[in-house]
Structures are given as structure tokens and as C-alpha cells.
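Open the structure in your viewer and keep the selection panel at hand. The tour goes from stop to stop: select, look, move on.

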Amino acid sequence: MSDDRHRGASHEGHMDVQDYKQRLRDVEAQLSARIAHEREQAREQVADSPRDRADDSVTDEAESEDFTEAELDATVLQQVRDALERIEDGTFGRCVVDGEPIEPKRLEAVPWTPYCLKHQKLSEGPFRSRPSL
Ligand SMILES: [Zn+2]
């Protein structure tokens with residue numbers, strides 16, 4: 001009775017958590033590698049730069065672009081890891097804010113999303129990076 005492990009691609013409505021787990025693990029590995037690579041490149045650029053900057057790491061705008069991309073990846077990576085934890089917890093696929101099921105299409109596109117559509121919009125509005133004053 002316990003052999004429902006058929007890897008059929010098209011049973012809609014049924015969420016195959018193991019599939020998501022695999023995808024999340026793949027993404028995690030890719031992001032980890034990319035972040036390491038980006039940080040490496042950023043470090044090389046800094047090393048190439050004629051300026052000697054030992055301590056002011058966060059303030060320089062010109063060289064922050066590579067870091068920004070790495071940071072973006074790092075943010076996603078964190079979400080991916082959180083999602084993997086939610087799979088273990090059995091809460092995967094539910095919005096972390098209200099516990100509502102996340103829309104299947106959203107989950108399909110962004111398996112690591114912690115929010116349903118409603119809370120996603122609330123959490124990253126179009127002007128998120130700006131102060132609201
Ligand atoms: Zn929600």
C-alpha cells in the first residue's frame with residue numbers, strides 16, 4: 001500500500017513535496033556556488049583597485065554592485081533554506097504570515113517563497129528600498 005512513489009509529472013492539485021525538496025536543493029547548490037564566485041570576483045576587483053581600502057567596506061558605492069548581486073542571491077538562498085526547513089516541519093507551501101496555502105502557480109514558479117500573494121505584495125512593495133517619508 002505504500003508504493004505511491006510514482007514520478008508522474010502531471011497530477012495537478014497534488015503537491016509533491018519531494019519534488020520541491022529536490023528543486024530547492026538544486027537551487028541551494030547553485031546559489032551557494034554563485035555566491036562564492038561573486039564574492040571571489042568582488043574581492044579580486046577590490047584587490048585590483050589602486051585604492052587601499054582596508055576598513056571602509058560598506059560605504060563605497062562604486063564597488064558595491066557585485067556585492068549587491070551576491071546579497072540578492074544570499075537573500076534567496078536564505079529563503080531556500082527556510083523552505084527546506086519548512087518541508088521538514090511539514091509547513092511547506094503555507095504562508096508564514098497567516099498559514100494560508102500559497103497559490104500552486106506561485107509555488108511552482110518560486111518554490112522558496114515564504115508568502116502567499118497577498119503578503120508577498122505587502123512585504124516587497126514597489127518602493128521597498130526607499131524610506132516612506
Ligand atoms: Zn499570507
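**Start in a helix**

Select Thr75, which sits in helix α2. Helices here are DSSP runs of H or I with at least four residues, strands are runs of E with at least two, and both are numbered from the N terminus.

**Zoom out**

This is a predicted model: local features need pLDDT of at least 70, side-chain atom pairs count only at pLDDT 80 or more, and totals for chains, interfaces and linings use all residues. Residues are numbered from 1 along each chain as its sequence is written, and side-chain values use heavy atoms, with hydrogens and water left out.

Colour by element. The chain has four helices and zero strands. Of its 133 residues, 26% count as buried. Contacts (heavy atoms within 4.5 Å) come next: among those between residues at least 6 apart in sequence, 55% join residues at least 24 apart.

**Walk along α1**

Select residues 17–48, helix α1. The expected span of a helix is 1.5 Å times one less than its number of residues. For the 32 residues of α1 this gives 46 Å, and the end C-alpha atoms are 46 Å apart, which agrees. Buried residues of α1 include Leu24, Val27, Leu31 and Ile35.

Stop at Glu38, also in α1. Is Glu38 buried or exposed? With a relative accessible area of 9%, Glu38 is buried. Not counting residues up to four places away in sequence, Glu38 touches Glu69, Ala70 and Asp73. Its side chain reaches the backbone nitrogen of Ala70 at 3.4 Å.

**The ring pair**

Show Tyr20 and Phe92. Rings of Phe, Tyr and Trp (its six-membered ring) pair if their centres lie within 6.5 Å; planes under 30 degrees apart count as stacked, over 60 as edge-to-face and the rest as tilted. By this rule there is one aromatic pair. The ring centres of Tyr20 and Phe92 are 5.3 Å apart and the planes stand at 50°, so the pair is tilted. Tyr20 lies in α1 and Phe92 in the loop between α2 (64–89) and α3 (104–109), so the pair ties together parts 72 residues apart in sequence. Both Tyr20 and Phe92 are buried.

**The zinc ion**

Select the zinc ion. Which protein donors does it have? They are Cys95 (SG), Asp98 (OD), Asp98 (OD), Cys116 (SG) and His119 (ND1), lying 1.9 to 2.8 Å from the ion. Donors are N, O and S atoms within 2.8 Å of the metal (3.2 Å for Na, K and Ca); water is not among the atoms, so sites may look incomplete. Along the chain the donors follow the spacing C-x2-D-x17-C-x2-H. Asp98, in the loop between α2 and α3, and Cys116, in the loop between α3 and α4 (117–123), are 18 residues apart. Asp98 is partly exposed at 33% relative accessibility, whereas Cys116 is buried at 5%.

**Colour by confidence**

Finish with pLDDT, the predictor's confidence in each residue, from 0 to 100. The chain's mean is 80, and 68% of its residues reach 70 or more. Over residues 6–13 the pLDDT is below 50, and this stretch has two contacts in the model beyond near neighbours in sequence. Over residues 128–133 it is also below 50, with one such contact.

Notes:
Buried means under 20% relative accessible area, exposed over 50%, partly exposed in between (1.4 Å probe, protein chains only). A polar contact is a pair of N or O atoms within 3.5 Å; within protein, one must be able to donate a hydrogen and the other to accept it, and residues adjacent in sequence count only if both atoms are side-chain atoms.
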